[in-house]
Amino acid sequence: MASNLVINGSEKFNAEIIVPGDKSITHRALMIGALSNGICKISNYLQSDDCINTITVLKKLGVSINTYEDNSLTINGKGLKSLKKPKNNLDAGNSGTLIRLLSGILSMQDFTSTITGDLSLQSRPMSRIIEPLIKMGAVIQSSKNKPPLEFSKPLARDCCNEKIQIASAQVKSCLILASLFVDGESIIIENTKTRDHTERLLQYFDYDIKIDDNIIKLHGNQSLFAKDVVVPNDFSSASFFIVATLLKKDSQVLIKDVCINKYRIGLINILKKMGGKIEFQNLRTNCNEDIADISVSYSELHSIDISGQIISSLIDELPILFIACACASGKSVISDIKELRYKESDRIQSMEKGLRELGVDVSSTASSISIIGGNINGGIVDSFDDHRVAMSFAISGIISSKPITILKTNNIATSFPNFIDTLRKINVEVYEI
Ligand code: S3P
């Protein structure tokens with residue numbers, strides 16, 4: 001991936017596209033497959049930097065994984081107690097999901113291990129997992145609750161009994177995975193429901209986990225039976241092309257085989273309220289996840305105000321939603337988004353700076369952003385090394401009056417390695433410099 005991109009507009013398009021496999025599900029399928037008994041084949045897994053780091057880390061923990069040319073892999077799982085002490089430190093790269101989910105597993109092992117990541121990851125808060133894991137008996141060393149995290153043999157393996165205050169699927173999943181290693185019943189309660197891929201995948205692997213609205217109950221030390229998993233395509237990657245199509249006059253797209261997990265698709269509800277023509281077709285279920293083809297047509301968008309519980313269901317789509325708001329008529333206000341400040345970059349700040357560069361009237365508070373829709377001018381924007389910021393500004397280049405240069409776009413490879421090819425499929429003029 002080149003380090004900068006120039007987007008010089010696009011022609012109208014009518015395309016069928018396929019985005020890569022789901023990142024959240026790939027991470028989880030790898031980790032749960034590694035703890036299961038038997039051979040688990042994972043097809044259509046996401047071959048992005050983040051997920052490749054998960055494979056590398058699991059191999060360092062003694063898990064046998066073979067990858068194949070057809071975008072599938074097999075894991076020869078040897079069960080919950082099979083992980084081995086790694087020879088070196090583990091590297092989670094840029095991935096919050098990898099470090100937070102795997103910490104649940106590492107914290108309950110008899111061996112010591114250390115996991116760290118890149119500069120962005122080293123600045124992200126880990127107290128949200130460290131504190132509840134310590135309550136379960138984990139022994140974790142860190143400096144100011146930031147990576148590197150060093151795990152020693154736990155003092156105890158007590159049941160998890162946690163009411164999670166922030167809306168975070170990573171925290172919930174970390175605690176579920178830690179609870180797999182504990183005798184007795186763990187109870188995890190979410191204040192706000194978040195993506196439930198971990199719960200669905202455990203159920204798919206025949207693990208007895210009970211979900212009653214926002215209460216999750218599971219007994220540890222059951223067996224996980226290896227199953228084949230077909231990873232559906234990633235809604236978060238699709239979201240860039242949904243917005244691109246809504247913005248580009250006379251354009252249409254069909255995005256195939258996308259996971260439409262109900263805790264992930266808040267963006268669809270919001271874009272529809274803004275006037276977007278979007279339909280789910282060919283609805284089905286596979287490997288315990290809901291899937292559809294998403295059809296989108298150009299639409300005139302108007303502004304929206306959003307806040308509250310819906311935010312967690314579009315948390316990763318907020319940057320691209322900001323682009324939609326910048327092109328919609330009227331003033332949009334999006335509140336309760338403080339969590340955006342703790343992502344791969346401070347996404348309120350990164351998006352505000354870039355939008356302003358492009359001539360958009362934008363302002364923010366600690367936990368909200370206001371965007372007045374209008375024209376997007378050309379210019380040079382910094383992605384702050386954040387994949388979703390980079391891809392969002394690339395989409396804004398489709399309808400800007402002059403070219404847009406986006407700096408530091410290497411990190412697009414963490415989630416969407418063929419993003420540029422997919423842009424070209426919808427007639428975008430893009431240069432890698
Ligand atoms: C994810 C959860 C979300 C999301 C991230 C992926 C997951 O993070 O932003 O990209 O796979 O569980 P939080 O749990 O921090 O909200």
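Visitor: How many cavities of 30 Å³ or more does a search of the whole structure find?
Guide: This is a predicted model. The search finds 1 cavity of that size. About 30 Å³ of space lies in the largest cavity.

Visitor: Which residues line the largest cavity?
Guide: Its lining is made of Ile25, Leu201, Val229, Val230, Pro232, Asn286, Cys287 and Glu289.

Visitor: Next, backbone angles. What is the general idea?
Guide: Most residues other than glycine have a negative phi, and most peptide bonds are trans. Look for the exceptions.

Visitor: Where is Asn288 found, and what is its phi?
Guide: Asn288 is in the loop between strand 16 (277-286) and strand 17 (289-297). Its phi is near 70°, a positive value.

Visitor: Is Asn288 buried, exposed or partly exposed?
Guide: Partly exposed, because its relative accessibility is 27%.

Visitor: What about Asp250?
Guide: Asp250 also has a positive phi, near 65°. Find Asp250 in the loop between helix 8 (235-247) and strand 15 (252-259). Asp250 counts as exposed, because its relative accessibility is 53%, and the cut-off for exposed is over 50%.

Visitor: Which peptide bond is cis?
Guide: The one from Pro147 to Pro148, with omega near 0°. Pro148 lies in strand 9 (residues 146-152).

Visitor: Now the rings. How many aromatic pairs does the structure hold?
Guide: It holds 5. One of them joins Tyr204 and Phe205. Their centres are 6.0 Å apart, with 75° between the planes. That pair is edge-to-face, because planes over 60 degrees apart count that way.

Visitor: Which charged end sits over the ring of Tyr204?
Guide: That of Lys227, 5.3 Å from the ring centre. Elsewhere, the charged end of Lys408 sits over the ring of Phe384, 5.9 Å from its centre.

Visitor: Which residues form an aromatic cluster?
Guide: Phe240, Phe241, Phe416 and Phe419 form one.

Visitor: Last, strands. In which sense do strand 10 and strand 11 pair?
Guide: Parallel, over 4 bridges. Strand 11 covers residues 185-190.

Visitor: Which residues of strand 10 are on its covered face?
Guide: Glu162 and Ile164 are on the covered face. Asn161 and Lys163 are on the uncovered one.

Key:
Residues are numbered from 1 along each chain as its sequence is written. This is a predicted model: local features need pLDDT of at least 70, side-chain atom pairs count only at pLDDT 80 or more; totals for chains, interfaces and linings use all residues. Side-chain values use heavy atoms; hydrogens and water are left out. Buried means under 20% relative accessible area, exposed over 50%, partly exposed in between (1.4 Å probe, protein chains only). Helices (H or I, at least four residues) and strands (E, at least two) are DSSP runs, numbered from the N terminus. Two strands pair if DSSP finds at least two bridges between them. Rings of Phe, Tyr and Trp (its six-membered ring) pair if their centres lie within 6.5 Å; planes under 30 degrees apart count as stacked, over 60 as edge-to-face and the rest as tilted. A charge sits over a ring if NZ of Lys or CZ of Arg is within 6 Å of the ring centre and within 35 degrees of the ring normal. On a 1 Å grid over the protein atoms alone, a cavity is a set of points where a 1.4 Å probe fits but cannot get out, and a pocket is an open set with protein on both sides within 12 Å along at least five of seven lines; lining residues have an atom within 4 Å of a point. Grid points are joined across faces, edges and corners, and a volume is the space filled by probe spheres set on the points.
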